[in-house]
Amino acid sequence: MSHIPRLACLNHKGGVGKTTCSVNLAAGLARLGWRVLAVDADPQAHLTASLGLVAADLDGLAGVLDGRLTLAQAVADLGQLHLLPGSAALAATETRLAGAAVGSHKLASALDTLPGVDIVIIDCPPHLGPLTRQVLAAATGVLVPMTPDFLAMQSLAWLMETLAELSGTSGGPDVVGVVLNRYSAQKRLHREVRELVRQHFPGTAFATAIRENIALAEAPSFGQDIFRYAPRSAGAADFTALCRELAVRLGQPTPGGAAAARQ
């Protein structure tokens, strides 16, 4: 497998901000000079739409997994980053993957063919089905977005156990970090959940939390990341800080460090 970081943005609980994290981490790292490939592995294709593309007009990841396209043919060049789009066709692809005697490394093998990338960010479906297993086989690490509530905390505990089992049995990816979304330091519950994450999963929670910010909710409807839609917003500031923290956690605080790691 490539030494380039490939991070799956994963949580089986819906509505926790997986796509928000995927879009804005990819865009934020690109702004910092990283060469980024964003992969939309969800049939809902929200990552694709959030970057301004119409999923119905695209084949993208479905074409790669079905063998109709090479990765180079499927990737869209968005200037600041590259995107392997998702589409509703992935639902049929997932059904075929579940019913066929194929390995779980088709995505990993495809990603190995794309040169000139410093990091891959992958937006996952909200369940551990065949598509997610393709992602986990390709990923070097997992980012876990969560909202600061107790149901999300319970889901996090289950997900951490599942990932630990996968890592132990098949050498799967480790958790790189937990990202708290829609956080408000003024809310007692949010502070309590943040402390629980620190206690039960030490060293995993990022110091940066993504604060409640209406601009983050509005940006996808314009097909823009937060840096294009509201560059002076709290959301843009938080994701810039998170990108820098992630780069340090990966041991590659500069794009040059990422390039050096490939060699």
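**Overall fold and selected local features**

The protein chain contains 13 helices and seven strands. The model is a predicted one. The C-alpha trace extends over about 50 × 40 × 35 Å along its principal axes.

Of the 263 residues in the protein chain, 53% are buried. Among contacts with a separation of 6 or more, 79% are formed by residues 24 or more positions apart. The accessible surface of the protein chain amounts to about 11,200 Å², and carbon and sulfur atoms contribute 54% of this area. Charged side chains are present as 21 positive and 21 negative groups. The centres of these two sets are separated by 5 Å.

Aromatic pairing was examined over the whole structure, and one pair was found. This pair consists of Phe222 and Tyr229, whose ring centres lie 5.1 Å apart. The ring planes of Phe222 and Tyr229 meet at 25°, and the pair is therefore classed as stacked, because planes under 30 degrees apart fall in that class. The two partners were also assigned to accessibility classes. Phe222 has a relative accessibility of 53% and so counts as exposed, the cut-off for that class being over 50%. Tyr229, with a relative accessibility of 25%, counts as partly exposed.

Two further positions were considered, one in a loop and one in a helix. Gly52 is located in the loop that connects helix H2 (46-50) with helix H3 (61-65). The relative accessibility of Gly52 is 47%, which means that Gly52 counts as partly exposed. In sequence, Gly52 is 172 residues away from Gln224, yet the C-alpha atoms of Gly52 and Gln224 are 6.2 Å apart in space.

Arg198 belongs to helix H9, which covers residues 188-200. With a relative accessible area of 43%, Arg198 is partly exposed, since this class takes in values between the buried limit of 20% and the exposed limit of 50%. Val178 lies 20 residues from Arg198 along the chain, and a distance of 9.7 Å separates the C-alpha atoms of Arg198 and Val178.

Methods
Residues are numbered from 1 along each chain as its sequence is written. This is a predicted model: local features need pLDDT of at least 70, side-chain atom pairs count only at pLDDT 80 or more; totals for chains, interfaces and linings use all residues. Side-chain values use heavy atoms; hydrogens and water are left out. Helices (H or I, at least four residues) and strands (E, at least two) are DSSP runs, numbered from the N terminus. Buried means under 20% relative accessible area, exposed over 50%, partly exposed in between (1.4 Å probe, protein chains only). Contact means heavy atoms within 4.5 Å. Accessible areas come from the Shrake-Rupley method with a 1.4 Å probe; for residues, only the protein chains shown count as cover. Lys and Arg count as positive and Asp and Glu as negative; His and the chain ends are not counted. The place of a charge is taken as NZ of Lys, CZ of Arg, CG of Asp or CD of Glu. Rings of Phe, Tyr and Trp (its six-membered ring) pair if their centres lie within 6.5 Å; planes under 30 degrees apart count as stacked, over 60 as edge-to-face and the rest as tilted.
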